[in-house]
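Hello,

Here is the structure I promised to pass on. Please look it over, then read the notes below.

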Amino acid sequence: LHEKFLSDFILYRFFQTQTYAQQGGGFNYLPSSESGRTYGKLTDFQMIYCGQSFNPNSCLRAFVALLVFVLLLPCLTLAQPKSLLKSKLTRDIYGYDGLDQYKRFLDSSLKESVRDKDKNIRKIYREIVSARHEGFLEELADSSFLFDSEVSAYLNKIFQHVVKSNQLNQYPFHFFVSRTSLSNAYCTEDGTIVCNLGLLSLLETESQIALVFSHEIAHYLLKHPAQSLTSVLEKYQSDEFISELKSIKREKYNTRSKLETVALQNAFNVRRHNRAQETAADSLGIILYLKTGYSTTSIPRVFDLLDESQEPAVFNTTLRAFLEKENIATNQKWFEAGKTMTFGKPVSQEITESLATHPDCKKRKLYAINYLRNTAVAGQDFKFAGEEMIALIKKKALDDQILFAQHNKNMSLCLYQAIQGDALYSNDIFISTILFGALVSIADAQKNHILFSVIDKAYQTEDTKDEYAKLLKMLETVSLSQIISMADSYYQKNKTFIMPEQRVTSNLDKLKQL
Amino acid sequence: MKKIFIASAVILCNTKGALYGQAAQKILDGVKEVQVHNIGAIRSAGVVKGYFSFYEYDKADKHTLIYKLSLMDENLNPLGTKDITGSDKKQLLSSAYDGRNFCFKFWDNDENTIEMKVFNQQGEELASNVENTKYEPTNMNNFFYQAVDPELSVIDNGGFINYSFYPENKGFFVNYVDGTTKRKWNKAYDPGHGYKIIQPTFVGADQTIILTAVSIIGKGDNGERGGNFLLANDPKNGAEVFNVSTDGQGSFMSPISATVAGDKISVIGLMYTSPLAMTATPEGIAFVEMDRKGKVLNKVARSFDQTIGKFQALDKFKFEDKSFPFIHQISQMPDGNTVMLIEKFKSSFMGGLSLGNMVVIVLDKNYNYLQGREIQKEVGTASVGAAQVGGSYFAANNAKNHDQLDYLYSQYGEDKSSVAFSFVEREIKARKGVYSLKSFGQIKYENGKITSDKVPFKNELNEDATATWVYPAKTGYFLEANYFKKQKQLKMNFVKLNN
């Protein structure tokens, strides 16, 4: 399998090299063949379902076990403590049933991966990966992931489709949907692939989502996550590096600046390595994607969208437009950017680029277009949902991102997302309710002098059009009476769309007390 | 000068200017690896523009250290870092911003020099003004008799002013430096005769004139050859434009602030019936209008009975509870009103001072009483040990110069339409018998309204803090710094006020 991938991979890298040459010296290269791009059928079939992997060879045994379990279920239910029973019955869409099984998988995966490592780095490798596993498991247990039957199931279908189309079922993939609004996906060395809900807000078609999943699978197949950590640890444990540090330590003067130079150089090397890996994952990702039957026409657009997502000015409405729509009096000072002060020369473009983790999106797009000139396939943009269905899924994804911001007590993000959601789905009961609640929570925190425990503590941008930055600036600037008045105005105008539940009634009472 | 030990973490600063952004919390790790000499606010005409930290970074050779001077903007976003070399006795006393450049005031205890260094926003050094001085911040004699504000004063877009002492008790220097024009000068002010105390205070400036209030207590028992003066220097070369006495027959006025507008200079001062301005009890306030040559055009005086007394009865310049009014600030607002901040104080039996409530008095355009408000606070103490030497007012003046009063600082809004006075409230710890910070308070005057807010210091962020400091911050905020000895961390958080 890898040999087959490799031939395509080399071909793709060749295109990239030509693109560089084309940019640099005007060399025009047109590919003439598509040879070597068919894969052999894999017999080692493996089914991956909801983040848990089953080998078909053991399916029969699993079926028997399931039958026994179903027969014994009434007895087990009776034997369970009441609290456990209650928790099972009320299990929400954020609970992961396979937590223990996944934990065991991570443990065994770690044991296996440590075995391959050099003795010098085994201990530290184990510690780092183990700590990361712990953090991830904590997040899994803390309602940070979505396991619903709509959004999560839909994304899972796309992921499984990419896996099956490429006959990669033998790999122990675990797919999760994080509730984070950051437009991102990532993979880890054990085959865990995570898609953030924010990606759904950014991407336009199912095919684009499939391309992102292909890219992450490519990272795993190319063993990038494990390689990145191993190479850094090997560097730090190398005799050369240790003797360099020792020689600096022996010196009397300028030791810190020398250490800083070494650290910076190392950071450059690591980032350069990361960028090379991203380029490689793009290459293999597109090769995997071509087997999925999705259309290739929307591929270049993904890079445009990713480029835009790096500039957080993507918005559906402006803050000012929202406030005017809600008849909330505004003040010019709330939106004015601060006067810039600097001290020292700006970081050079060269250093900024050297420290970037991903290659430039425009270059990535160019490589993809060049490769697709002769490999483009007509396919579908949607396989598992139509445009109407995806609109519904996007709304549910947005709602959940808003709830997640609320769950994390990040009321500024919650408010921002609700305002943006309100522009897309006006008079929506869920959004109106959350929006009102966020305003009351912010007012309440301000009254108790703990504003920064509910709004973002550190957010910085040079983009004067960034509406989230403007919202934060407004929240920093307005007085307590002004934020209370905002919440009141919003309530008066939208009370018919605000849920009459206890939670909301409490918000109204709280507002009255403020 | 407080020395605190904090972070050595190497911070790679993003020196690009952030148009939007804030870092409401800043955490510095690695305490005690490096000695941070100083940390403080960068101010410009009463408005906080950012923060600086100055810490030992590396050793360049046997006798020279490399310091890192790090700047942050008003939202704690890093602006940049500059390496500065010097002896291991170098300290950064103060910093200011004049709208174009930054100025840093260094004290080198080995060389006995004060240096004002000006950098532009690209971090390039534009000018430096060094002065050899015998001023020693730790010398007890200077502690009482040569008190200067360590803060730099600023001319809006026009350079920086500092005061330092002339050697051998002969007066003081006005030090000036401007980065853009590269002008620098040190002008000596020698009264030409002996004195007990001399105190220069910056009261105001524009591009063409620097105004300094000079209070002198003469050597005689009745302060002979003392008095109060308004000194004017030309920023171009330091030449004396005028030096006029602000005292009259039997009445003495110590200027505390001045504004220059067009051809006129408006001066506000405290009135005394004794020439011993710094030790005597003030009895009223005076408003003087002068031309640019120092000629008095108009003068209005109001006794405390006519102003403070209209709010609360005074008996021999004391409130009913026998406390004195200590005038911290008198501000003239764009609406024409005058706002006074007062802290009540009295001598305590232990020789120190007992600090009472804060009082705000507002006068109308004709300097008549308009409104007043008393803000309750716990009784604090100041133990300057000078009450017996020069009386209650001398002790209070010294306590103020050494930041021992509960008043912290005054701050104007960006457009000067508001003024906010900040103070702390202390409480005595039941077991240890020492004072700790209880709450931060702020009183604000804006558009004829007086509002106040108090924020308790004890919160979940500083529950286990070893020490807590307060720094001024942008309008409507203050900055709380908590030092955690165990975790070797210094955490700085902004707190938003509700007034």
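In which sense do strand β5 (residues 47-59) and β6 of chain B pair, and over how many bridges? They pair in the antiparallel sense, over 9 bridges. Two strands count as paired if DSSP finds at least two bridges between them. Strands (E, at least two residues) are DSSP runs, numbered from the N terminus.

First, the ground rules. This is a predicted model: local features need pLDDT of at least 70, side-chain atom pairs count only at pLDDT 80 or more, and totals for chains, interfaces and linings use all residues. Residues are numbered from 1 along each chain as its sequence is written, chains are lettered from A and ligands numbered from 1 in the order in which they are written, and side-chain values use heavy atoms, leaving out hydrogens and water.

Back to chain B. A hairpin of 5 residues joins β5(B) to β6(B). B:Y55 has B:K68 in β6(B) as its bridge partner. On to strand β7 (residues 78-86) of chain B: β6(B) pairs with it in the antiparallel sense over 8 bridges. There, B:I66 is bridged to B:T85. The hairpin of β6(B) and β7(B) has 4 residues between the strands, and B:L76 in it takes a positive phi near 70°.

Now burial (under 20% relative accessible area, 1.4 Å probe, protein chains only). All 9 of the 9 residues of β6(B) (residues 65-73) are buried, so the strand is largely enclosed by the rest of the structure. Side chains in a regular strand alternate between the two faces of the sheet. Both faces of β6(B) are covered, with B:L65 among the buried residues on one side and B:I66 among those on the other.

Best wishes

Notes
Buried < 20%, exposed > 50% of the residue type's maximum accessible area, 1.4 Å probe, protein only.
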